[in-house]
Amino acid sequence: MPKDSGIGASPKRREDLRFLTGAGKYTDDINIHGQTYVHFLRADVAHATINSIDTSAAATMPGVVHIFTGADFEAVGGIPCGWQITDRFGEPMQEPRHPVIAHGTIRHVGEIVAAVVGESLEQARDAAEAIVLDLTEKPAVVDMKAAAADGSTKVHDDLTSNICYDWGFVEENRDAVDQAIKDAAHVTTLELVNNRLVANPMEPRVAVGEYSRSDDMHTLHTTSQNPHVIRLLMGAFVLGIPEHKLRVVAPDVGGGFGTKIFHYAEEAFCTFAAKAVNRPVKWTSTRSEAFMSDAHGRDHVTKIELAMDADNNFTAVRTETYANMGAYLSTFASSVPTWLHGTLMAGNYKTPLIYVNVKAMFTNTVPVDAYRGAGRPEATFQLERVIDKAARERGVDPIALRRQNFVTEFPYATPVAVEYDTGDYEATMAKLEEIADIGGFATRRAESEAKGKLRGLGVNCYIEACGIAPSNLVGQLGARAGLYDAATVRVNATGSISVMVGAHSHGQGHETSFPQVISEMIGIPEDQIDIVHGDTSKIPFGMGTYGSRSLAVCGSAMVRAAEKVINKAKKIAAHLLEASDADIELKDGQFSVAGTDKSVAWGDVTLAAYVPHNYPLEDIEPGLEETAFYDPANFTYPAGAYACEVEVDPDTGKVTIERFSAADDFGNVINPMIVSGQVHGGIAQGVGQALLENCAYDEDGQLISASYMDYAMPRADDLPFYTVDHSCQTPCTHNPLGVKGCGEAGAIGSPPSVVNAVVDALQSGGKNVTHIDMPLTPSRVWDAMNNA
Amino acid sequence: MYAFDIERPSTIADAVAALQGEDAQALGGGQTLIPTLKQRLAAPSKLVSLSGIGEMQGVCVGDDGAVCIGGATTHATVSREAAAHYPGLAALASHIGDPAVRNRGTIGGSLANNDPAACYPAAALASGATIVTNNREIAADDYFQGMFSTALDEGEVITEVRFPVPQAANYQKFLQPASRFALVGVFVAKYADGVRVAVTGASENGVFRWAEAEAALSANFAASALDGLTVDADGMIGDLHGSGTYRAHLVGVNTKRAVEAAS
C-alpha cells in the first residue's frame, strides 16, 4: 500500500490551488500607494561609445518624475560577481565593472542606457523616446574564437584581452593527459556546440523598490530564487545598505530555472531610485526585455577527445571549451564553466586521467549564467556524445561500452576533485533497459521503416553534483559566499507549525513536500504544518534555491531544527509524565514513556511550552522554536540513464520523439509525484535545447531570436509521454534524509540521448552523419543528411 | 502603444467613411496589428474595427456554387461553417495559429496583411478566389503583389472572399518551429479546367503559383507527375529556420503530399 502521508507519499501540491485559480500573489500583483513606474531605455546596438545623452526634452514631458543615466550611479558599486576563478597561471580572472546603467560605453543590445521614472508607464515610455543619444558605434565582438585572437576589438578597453580566464583543471594532470592521448590505442574526437538558451520562465522579472523615510528602511520586492543572496549582494556590494535597513521579498515566483538567482541591475535601480524620488518605483519586464536582459544559458564551443586502450577501456579525456560570459560577469557566471562543469567530466566512468581547459570569453552579448543544470548539462553532453561516437568508431554497442567503463565501487574519488559518495550505475542502466524496452527496438525500427521513416535509439548516462555546497570547499575554489542553508521550526501553542526556510519555492512544491518530512518526524497531519519562504524579514539567512539543493541542504537544516524541537519537547513531555526524558518516545503525535501506557499528546506538550504553568522552568526555557544551519559535507550525486527513440522524416528532416525513458537514482524520495513532475519538466527543457531552442546573434551583435516568433519553446505536442522511474535508490550517505536532488536531472540527462538517437536514425538510413549541432531543427537535419 | 481613437461601425458604408480620416487604420481581428501597436511600430490616429459589421460575417454558398466568406469572419467560424462546402479550405482555417488566434483573426485581415508566411493567401490564390471589396472585385491572380503588398487601395475594405469549390484540394503546411507559421505551405486545388498550386512561406515575393507543377498535375493529377520538378532556390527566403534551398525542397515535398492527400 502506498503511503498517504509523510515521506514517500504523493499528496497533491497544496500550492497549486492558488496558482490554478488565479489566487497566487506575484511581484507584479504588488502595487503600493504613490507608486511610480520605470521604463528603461535599452541599447539597440551591441557596442558603442556614448558621446552624450540629452534628456532635456524628455524631462519636461508630462508625468516624468525623474530621468536617471549612468552618471547617477557612478558613486555606487557595480553589479558583483559571486565567484572568483583563478586561471591556470595562478592569476585571478579579469573582472570588469558591471554598471547599473551603462556609462560611457554600451556593451550589449538590451543594456540599460537611461531610466525614466514616470507617473505612468506609458508616460515614462513616451519620454524615453524623446531622449537623444549621441553614439559612436564600434565593431561588435560576437564569435568567441575570434574574440580570443590577438588584435580583436575589446569588449572592455580597460582589460588586457577578451579572455576572462584561461582555466586548466586539473592543471597538474595536463602533461599526463597529453601523454595518455598520444599513447592511446584509439582516440575519438568531437567538436560541438552547446547552444545558447533563454530561460523563459512564464513570469517575467519584476522589481518594486520602496523606501520609508520614517525608519530609513529599504524594501525590494523582486522575482528571486534567493532573497537573502540579493539582500547581501545588493546591500553590501552595490548600494551600501546594511542588512538591517534592507528587506528583500520574493513572493510567489512563476518559474526561475536559474535565471532568477542573479542580482540584476533593475533590482538595484528600483531600490536606489525609490529613495532618490521618495516614491515606490516599479518595473515589470516585457517579454521582449526578458529576451535581452535575463541572463542567458549554456553557449559553449567544445572540442573533446576520448582516449581508449585496445580493449576499449577509457584511459583519458581532454577537453577545450570556449565559454561565453557575455558582456559582463553575471552573479555565478564564472563558476558555471569551471567548478560546475570541469568537476563532472568523469561522468559515470572510471577514466583515470582528465584535463579540462576552459577559456571564458567576453563578447558583446547578454551576460550568460546558470540555467537549469548549469555546467553539468554541458559536461554530460560532450562526454555522452563522444562515447556514442567512440562506440560507433569501435563497432561496439554503446550501452556495453558504457557498462564496461562504469564506476562500480563507492565512495569513488574522481580525477577531477570530487568524491561520489554512493551510486549504482548498473542498476539504473538495467532499469532503463527494462522501462525503455530496449529489446523491442528492432521491431519498432522495422515498423517505422515500413512507414518510410528512419528510427533511432539514443542512450546516455549522466551524473550531476547537487546540494551545493560545502562552504569551506567552495571557499577554496573562489566562492564569495557560504552555501549552507537554514530553517527555523516554530511550533505554535496549539501544536501547529510554521517552518521558515531559506530555500525558495518557485515551482518545486516545497510547500507540500517539506511538511511531509515534518509530519513524518512528529506524526501530526501535514495540514498542521506551513512553510514560510521568500521574505528576509521572516526567514533565517539561508541561501535559496538552485542547483537542486533545496531538500538536500535546506531540508537537512529543517530536519536538524525539528530534531532540536523534538528533543526539547521530549523534556517537556518527560516533566508532564513524570518520567526521564531518555525514556520518552514520540510516535504518531503522542509522547509516551517506553514500556508503559502513559502518554501525552503533541498538542498538550506544545501548549505547556507556551502556557508554562506546570513546566520545568528551572531547566528549560518556555516556547518551542529552534533554528538550524546546515552546511553539507559533500555534494550529492544523482545519476541515471536515459533513452530516447526518434523518428526522422527523410524527406524533411523533421524529428519526432516517439519514446522517452528516464531511470534516475535520486536517493530517498519524499514525494514521488513531485519528483516525476520535476523530471518531466527537466526533460521538456532538455528536449527543447536538443530540438528547438536557439538563442542566436548576428555578426553585428543583434539578437535575431528575440521573440517567440523566432525562439522556439517546446510545446506539449513536441513531447511524448515519458516513462520515468526513480525506484533505484542509493541514499546519500552524508545528509540526514539520504536525498540527492531531482530538479535538474531531466535537463542534464536528456539532450545527449536525443542527439544520439537522431544520429543513430540517420546512420540506419545509410547517412554518414556523426554529429549535428543542437538544436536539431528540420533544416539542420536535412542539411546534414544531404551533405553526408 | 500610442493613444488612438477607435470606432466600431455596424455597416460597411460607415466603416469606409470612418477610414477616410488621415492615418485611420482598419482593425480586423488584430492578430498582427495589435502586437504591432504594442511594440509602438505603428501609430494610427484612429482604428476602425470591422468586427461589428454584420454583413461581413459568416459563410454562405453563392448561386454559382462558390463559397462566400464575409471579410470579418474568423478562422474558427470558417473551419466550422465551410467544412461541408469546401473541406480543404476549412481544414486550412482550423490549423491557423492556436484557438485564441482562430477566434479573433479574420480572413479579411489575413488577406489584407498578406504576410508572406500566412496560410489564407495560398488558399485564395490556389482557388482562383475573388477578393470582394467595398468598391470592386479583384481576382486573386491580380491581388497579391509581393510580401505585405496587395492591390488594395488606401481605406479599401475586404468585404467578402469568394472561393470556387474544387473537385479536390489539400493544404500541406510545414511549420516554422517557433512561430508555427508556414515555413512552407502548399495549397493544391483541382478544378475541371486544371490544377492550381499556390505556395506560401517560401518566397521573398510572398505567395506564388508554381506553374510547372500546375501543368504537370493538370495533365496527370498524381504525385508521380511531380517527379523531377524542382523550384529554383533563388528568391526563396533564407533565415534562422531554413535556407532558400531547404524551402525550395520543401515546396516539392509539400506539393506531393498535398496531391496524395487530395487524390
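The buried residues of helix H19 (residues 778-787) of chain A pack against strand S26 (639-648), strand S27 (655-665) and H18 of chain A, together with strand S9 (168-175) and helix H10 (244-262) of chain B. Those buried residues are Pro778(A), Ser779(A), Val781(A), Trp782(A), Ala784(A) and Met785(A), where buried means under 20% relative accessible area, exposed over 50% and partly exposed in between (1.4 Å probe, protein chains only). Helices (H or I, at least four residues) and strands (E, at least two) are DSSP runs, numbered from the N terminus, and contact means heavy atoms within 4.5 Å.

This is a predicted model, in which local features need pLDDT of at least 70 and side-chain atom pairs count only at pLDDT 80 or more, while totals for chains, interfaces and linings use all residues. Residues are numbered from 1 along each chain as its sequence is written, chains are lettered from A and ligands numbered from 1 in the order in which they are written, and side-chain values use heavy atoms, with hydrogens and water left out.

**Helix packing in chain A**

- Two packed helices are described by the angle between their axes and the distance between the axes.
- Helix H17 (residues 672-692) and H18 of chain A pack at an angle of about 40 degrees with their axes 7 Å apart, the axes being lines fitted to C-alpha atoms, for helices over the stretch in contact, and angles running from 0 to 180 degrees between N-to-C directions.
- That angle makes H17(A) oblique to H18(A), given that angles under 35 degrees count as roughly parallel, over 145 as roughly antiparallel, 65 to 115 as roughly perpendicular and the rest as oblique.
- The crossing of H17(A) and H18(A) is right-handed; a crossing is left-handed if the near helix is turned anticlockwise from the far one by less than a right angle, and right-handed if clockwise.
- On the H17(A) side, the residues that meet H18(A) are Val679(A), Gly682(A), Ile683(A), Gly686(A), Val687(A), Gln689(A), Ala690(A) and Leu691(A), and their partners in H18(A) are Gly746(A), Ala747(A), Ser750(A), Pro751(A) and Val754(A).
- By class, the contact of H17(A) with H18(A) has 8 nonpolar, 5 polar and no charged residues, with Ala, Val, Leu, Ile, Met, Phe, Trp, Tyr, Cys and Pro counted as nonpolar, Asp, Glu, Lys and Arg as charged, and the others, Gly among them, as polar.
- Helix H10 (residues 398-405) and helix H11 (residues 425-435) of chain A pack at an angle of about 160 degrees, with their axes 11 Å apart, and are therefore roughly antiparallel to each other.
- The crossing of H10(A) and H11(A) is left-handed, and Ile399(A), Arg402(A) and Arg403(A) in H10(A) meet Glu426(A), Met429(A), Ala430(A) and Glu433(A) in H11(A).
- The contact of H10(A) with H11(A) has, by class, 3 nonpolar, no polar and 4 charged residues.

- Lys740(A), in the loop between strand S28 (722-725) and helix H18 (745-764) of chain A, counts as buried because its relative accessibility is 1%.
- The side chain of Lys740(A) makes a polar contact with the side chain of Asp665(A) (3.5 Å); a polar contact is a pair of N or O atoms within 3.5 Å, where within protein one must be able to donate a hydrogen and the other to accept it, and residues adjacent in sequence count only if both atoms are side-chain atoms.
- Asn348(A), in the loop between strand S14 (314-326) and strand S15 (353-362) of chain A, also counts as buried at 1% relative accessibility.
- The side chain of Asn348(A) reaches the backbone oxygen of Tyr462(A) at 3.1 Å, and, not counting residues up to four places away in sequence, Asn348(A) touches residues including Glu384(A), Asn405(A), Tyr425(A), Cys461(A) and Gly640(A).

**Arg209 of chain B**

- Arg209(B) lies in strand S12 (residues 208-209) of chain B and counts as partly exposed at 31% relative accessibility.
- The side chain of Arg209(B) makes a polar contact with the side chain of Glu214(B) (2.9 Å), and, leaving aside neighbours within four places in sequence, the contacts of Arg209(B) include Leu125(B), Asp141(B) and Arg196(B).

**Backbone geometry**

- A cis peptide bond with omega of about -5 degrees joins Phe410(A) and Pro411(A), and Pro411(A) is in the loop between H10 and strand S16 (412-413) of chain A.
- A cis peptide bond also joins Met774(A) and Pro775(A), with omega about -5 degrees, and Pro775(A) is found in the loop between H18 and H19 of chain A.
- Asp216(A), which is not a glycine, has a positive phi of about 55 degrees and is found in the loop between strand S9 (206-212) and strand S10 (217-222) of chain A.
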